[in-house]
Structures are given as structure tokens and as C-alpha cells.
Amino acid sequence: LLAEHGVECVSLSRIGAAAGEANNSVIQYHFGDKAGLVREIIRRRVATFEDRRRAMFDAAAADDKLSDIPTLLRIVLMPLAEASDAEGRHIYARFMVQFLTRYQHQEGFAHPGWSADSAGTRAAELLAKQLGFLTPARLTARLNRLAVFFLSALIERDAAKANGKPVEPEAVFFEDLFAM
């Protein structure tokens, strides 16, 4: 609901009803407020990406590619691209674009982050090392903007497919994204 209609357009009671709950305050009870719900959605999704990121990180280490910026970006971004629903749509990408472009700087909505020992954190640390000329704030801003670009491209491709428009093969699509 948040991804499809927008965080600000969906009431907590509507979310509770969609979850099959009769209690109008179920979301407030479990998450406090909408910001708490958003943080928990992200926290849980980040956890589901860890195994894939770790496998990608380990493969990159085995291939001696941990100093390759596109490889590190793939470790960070590809698990988000692989998160699709039964119809192949990237609903979580839609949710994250909203978060990154509208909510991450609002009070209470901060990204819960990756654990210190996660593959995402390790890839980001290696990116920081490779891009040492950037301050931490500048690197974070660039990664956020890159994520919005990447996720928006997924959303645009979904829309083209849904409307019967031709799209390039997935491998070509991702090669082009990472080349950009």
C-alpha cells in the first residue's frame, strides 16, 4: 500500500485493515507511528538481502574484485533489483524511491542502517576506500542518488513491460545501468 499509493496517502488504519486486523490502532501498537512502520519495513528487508550480499561479496573476494567499484555497487544494489513480487514488479523499489526522495530526512524516518559486520557495510567501506577523495557525507549523498537512479530505472522498466512496450533483456539492462 505504501509503495503503490504513497506513504502520506495511506492511513495506519487502512494498513491494519489490509493486514486483516479489526483493531484500528494495531500499527501504532506494534510500530508507534508511520515512521516506525517504515523503519521496520526497511530493517526487515535489509535482513533478507544479507545472504545474497554476502554471497556476492565472497564471490568478489574470490575473484579479487573487491577494489572494483562496479562490483561493489552491484553488491549493494542488485539484491534490491532481485526483490520482486510474483508478477516480477519491483514494489520494494517503489517504496525505497519514496523513502530516499521524500522521507529519509524527516524526523523519525532515518534508515535503520546495516549491521557493522554486514556485507552491505563492508562493500560500502570498500567503496569509501576506493573513493577516498569524497567525504563520508558526499559519499552517502552520491550512493543515495545512485540508488534512486537505479531503483527508478527498475520502476520505469516495470511500467514499460506492464504497458506492453519492448524492453531489453535483463542482462543488457543491468550492464547498461552499471555502465552509467
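In this predicted model, the lining of the second largest pocket is made up, by class, of 14 nonpolar, two polar and four charged residues. The space held in this second largest pocket comes to about 370 Å³. Its lining counts 20 residues, and those closest to its centre are Leu 1, Leu 2, Ile 15, Ile 41 and Phe 95. Two or more lining residues are given by each of α1 (2–5), α3 (26–31), α4 and α6, and among these elements α3 contributes the most to the lining of the second largest pocket, with four residues.

The largest pocket can be described in the same terms. Its volume is about 600 Å³, and 27 residues line it, with Val 76, His 111, Trp 114, Leu 143 and Asn 144 lying nearest its centre. The elements that give two or more residues to the lining of the largest pocket are α4 (34–62), α5 (69–82), α6 (91–103), α7 (119–130) and α8 (136–162). Of these, α8 provides the largest share of the lining, eight residues, and by class the lining of the largest pocket divides into 20 nonpolar, six polar and one charged.

| Pocket | Volume | Lining residues | Largest contributor |
|---|---|---|---|
| Largest pocket | about 600 Å³ | 27 residues | α8, eight residues |
| Second largest pocket | about 370 Å³ | 20 residues | α3, four residues |

Turning to the packing of side chains, the largest nonpolar core has 48 residues, and the members with the most contacts inside it are Met 96, Phe 150 and Leu 151. The helix that gives the most to this core is α4, with nine residues. When residues up to four places away in sequence are left out of the count, Met 96 touches Ile 42, Leu 80, His 111 and Leu 151; of these partners, Leu 151 is itself among the residues with the most contacts inside the core, while His 111 is one of the residues nearest the centre of the largest pocket.

The phi angle of Asp 64 is near 55 degrees, a positive value in a residue other than glycine. Is the residue at this position buried or exposed? Asp 64 is exposed, because its relative accessible area is 69%, and the cut-off for that class is over 50%. Between Asp 64 and Arg 74, which are ten residues apart in sequence, the C-alpha to C-alpha distance is 15 Å.

Note on methods. Residues are numbered from 1 along each chain as its sequence is written. This is a predicted model: local features need pLDDT of at least 70, side-chain atom pairs count only at pLDDT 80 or more; totals for chains, interfaces and linings use all residues. Side-chain values use heavy atoms; hydrogens and water are left out. On a 1 Å grid over the protein atoms alone, a cavity is a set of points where a 1.4 Å probe fits but cannot get out, and a pocket is an open set with protein on both sides within 12 Å along at least five of seven lines; lining residues have an atom within 4 Å of a point. Grid points are joined across faces, edges and corners, and a volume is the space filled by probe spheres set on the points. Ala, Val, Leu, Ile, Met, Phe, Trp, Tyr, Cys and Pro count as nonpolar, Asp, Glu, Lys and Arg as charged, and the others, Gly among them, as polar. A nonpolar core is a set of buried Ala, Val, Leu, Ile, Met, Phe, Trp, Tyr and Cys residues joined through side-chain atoms within 4.5 Å. Buried means under 20% relative accessible area, exposed over 50%, partly exposed in between (1.4 Å probe, protein chains only). Contact means heavy atoms within 4.5 Å.
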